[in-house]
Amino acid sequence: MASSSNRPLNRGAACLPCRKLKARCDGNKPACGRCLANNRPDDCEYAVGGEVTRSRLLEENIALLEARIRELENPSEAPSVRLHDPRRQDAAAGSGPGGSTLGSPNLQLNPPPVPPPTGSFSAPTPLEVQSLVQTFMTHASQLGLFLNPSRLLRAISLPRGAPGATDDALLNAVFLWGSRLSSSNTLRSKEAFFCSNAVQAVSGTTLTAQSTMPAAGVISTVQTEVLLSNYFLATGRILEGKYHGLAAVALVTGCRLHQLNVVALARAGIDPTTIGEQIRAFWTVFSLEKVWSAALNTPPTICQRGRAGISITTPWPLDPEAYEQGVVIPRHGYNYHIHDYCQSSGPDESGEDFSRLAFRVKAAALYESALYLSSQYRHDMPNRGEYLAQFTALDTHIESYHRQIATYRNRSSDDMRELLVCRTLACASVIQLHSAFATHQPVSRQKSLTVAVASARALDIVDTSQIRHLDPIVAMLWFTICNVLLDELRRLRHSAVSLRQEDSVRTSASLDRIINAMTSLAYSGPLMASKLQEIQQARSALN
């Protein structure tokens, strides 16, 4: 590569790290000489031209969120932000009796924000704290808890301000979810109070990102941001949920949790449980960011492709109990990374340790990969053969993953809820992957229909009438899946060929099964209720 060090760079053409330090930059790409010399090529980014960098993506997302905040603060002004799916126009153009309207996330949904608390609320009593925390812990696996549960409970029990006690931001985030899912009207009435407290506390936190061992306060703040992100997403406040998700991404990447050297940490005397919390912090944020960037059809902030991609070397996550027993590296070793998994080049995983978070991470990666690959298809693409080879490999990979997780039965309620989410993600991944072909290729249409029916059958593993909350991404996934079933019912009704009655019955029964599950969970948040309403309206139009 020719060096540019002998000629002056145009103003603003230096990489972002050199500009920040006001250091001389040679302008070499993909990484300048200074960043290479400092062994930090992943941090070398250029914010010039039309190149998309991680920093630019963050800047664009922040600008979008700030515009929405201004809109909420000034409701009399014209709306400045409207979320939409760019594919919807194309899908609508091809819809009809033989068309397909695949799960387009119609997020022109702006429910009124939770009003600020009115009146005066005092801190919860000890009995109220016990109830709030118990409710939170019952649903913690679906709320994004990655901290060690036993340690968190001990920290909550300590007096406020005592060494090791939970900080105000995280404590109020726990209370927020506890109040939302509580059966007590008194506690539910404090939801806005806890929300306001949590948001104010986390926004005032001073964070110092360290490249080796992040402070416990940083990990606590990441946990708070994850809980808030999931809360706002579940309640239909998408932009606020995205904002807190981006804050979590900035923290984990700034602290380099994506490149943890767990061997070095262990040799430095860091206990396995603390190491496990750092590992699980990164992977929880990774899965949250991947599924929602795909569902909202926005570029992923944790990018693994092109020049903006980052190298992830943090080992796969285990369940908290494994770290308590001193295990920090999975059975299949330290050198098996997410890149290997996405490329289907890893070891045989049939005997791997059961880990809810690891299964979620894999499902999230497959879901985002499926949407990305389907978006790259063009009828006149010159490398069609190469594309179809990647398509077939990913399709086979998702099918293999689905078969693996479908074998688990009779595990704990937390495990079964997580397996339901992962199986639903796998089904939605297949639908997204085949979306470019489903309207004109019978094989792809049938594959999409088969996994949609399989998604309804997956509900056999849980009793949704006994569940107060599922990860809010499920609302988006079921919306996608139900649209496949609705399209099939339309096709059957308008077909000129005599079709078997059982095909219509099976499709209709699967649709009803998912609608019933959504109905059971609709009270858990406006997002689920909104998606349910759209599906019910489309179903009614068929009658």
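Me: What makes helix α10 count as mostly covered?

Reply: In this predicted model, a residue is called buried when its relative accessible area is under 20%, and 17 of the 19 residues of α10 are buried, so the helix is described as mostly covered.

Me: How do you know what span to expect for α10, residues 216-234?

Reply: The expected span is 1.5 Å times one less than the number of residues, which gives 27 Å for the 19 residues of α10, and the helix reaches 27 Å from its first C-alpha to its last. After α10 comes Gly236, whose phi is positive, near 85°.

Me: Why is the span of helix α13, residues 272-295, said to agree with expectation?

Reply: Because 24 residues at 1.5 Å a residue should span 34 Å, and the end C-alpha atoms of α13 are 34 Å apart, the two values agree. This helix is also mostly covered, with 23 of its 24 residues buried.

Me: Which residues touch the most other members of the largest nonpolar core?

Reply: They are Trp292 and Trp478, in a core of 140 residues, to which helix α20 (residues 473-494) gives the largest share, 13 residues. A second, separate core has nine residues, including Cys18 and Cys25.

How values were computed. Residues numbered from 1 in each chain as written. Predicted model: local features only at pLDDT ≥ 70, side-chain atom pairs only at ≥ 80, totals over all residues. Heavy atoms only, no water. Helix = DSSP H or I, 4+ residues; strand = E, 2+ residues; numbered from the N terminus. Buried < 20%, exposed > 50% of the residue type's maximum accessible area, 1.4 Å probe, protein only. Core = buried A, V, L, I, M, F, W, Y, C linked by side-chain atoms within 4.5 Å.
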